[in-house]
Amino acid sequence: MYVCNCFGVTEAQVKKHAADGACTPRQIASACKAGTDCGSCVRRIQALLGRGACPTRGLVDEGQPVLAEQLDEAA
């Protein structure tokens, strides 16, 4: 199913970008341009990210510091 008609981005593509670490609509937009034209898909992207498409979302929901974890992995 298409999430962004302007750029032809599918739900599967958004989920893949989320699995690769994009956890906000802005990060999804950076990865594939979805949400950068008319903006009508931004709420759908938010819904996908809120349903567990983002692998670190569970940590955020638990109140754990996600950024610190990512910085430790990068070091």
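Colleague: Is Asp-20 buried or exposed in this predicted model?
Modeller: Good place to start. The cut-off for exposed is over 50% relative accessible area. Asp-20 has a relative accessible area of 57%, so Asp-20 is exposed.

Colleague: Which side chain meets Asp-20 in a salt bridge?
Modeller: Side chains of opposite charge can pair when their charged atoms come close. For Asp-20 the N to O distance is 2.7 Å, and the partner is Lys-16. On helix 1, Lys-16 is one of the exposed residues, along with Ala-12 and Ala-19.

Colleague: Thanks! How many salt bridges does the model count in total?
Modeller: Arg-44 and Glu-11 form another salt bridge, at 2.5 Å. The count comes to three.

Colleague: How many residues apart are Arg-44 and Glu-11?
Modeller: These two side chains meet in a salt bridge of 2.5 Å, N to O. The pair links distant parts of the chain, with Arg-44 in helix 3 and Glu-11 in helix 1, and the separation is 33 residues.

Colleague: Let's turn to packing. Why do the buried residues of helix 1 line one face?
Modeller: The buried residues in helix 1 are Glu-11, Val-14 and Ala-18. Seen down the helix axis, they line one face because they fall within an arc of 65°.

Colleague: What is the arc for the buried residues of helix 2?
Modeller: Helix 2 spans residues 25–32, and Ile-28, Ala-29 and Cys-32 are its buried residues. They line one face of the helix, since seen down the axis they fall within an arc of 100°.

Colleague: Which residues are exposed on the other side of helix 2?
Modeller: Ile-28, Ala-29 and Cys-32 are buried in this helix. On the other side, the exposed ones are Arg-26 and Ser-30.

Colleague: Which element gives the most to the largest nonpolar core?
Modeller: This core has 13 residues, and Val-3, Val-9, Val-14, Ile-28, Ala-34 and Ile-45 have the most contacts inside it. Strand 1 (2–4), helix 1, helix 2 and helix 3 (42–53) each give two or more residues. With three residues, the top contributor is helix 3.

Colleague: One last item: which residue follows helix 1, and what is its phi?
Modeller: Happy to finish there. After helix 2 comes Lys-33, with a positive phi near 75°. After helix 1 comes Gly-21, whose phi is also positive. Its value is near 120°.

Terms used:
Residues are numbered from 1 along each chain as its sequence is written. This is a predicted model: local features need pLDDT of at least 70, side-chain atom pairs count only at pLDDT 80 or more; totals for chains, interfaces and linings use all residues. Side-chain values use heavy atoms; hydrogens and water are left out. Buried means under 20% relative accessible area, exposed over 50%, partly exposed in between (1.4 Å probe, protein chains only). Helices (H or I, at least four residues) and strands (E, at least two) are DSSP runs, numbered from the N terminus. The arc is that of the directions from the helix axis to the C-beta atoms. A nonpolar core is a set of buried Ala, Val, Leu, Ile, Met, Phe, Trp, Tyr and Cys residues joined through side-chain atoms within 4.5 Å. A salt bridge is a side-chain nitrogen of Lys or Arg within 4 Å of a carboxyl oxygen of Asp or Glu.
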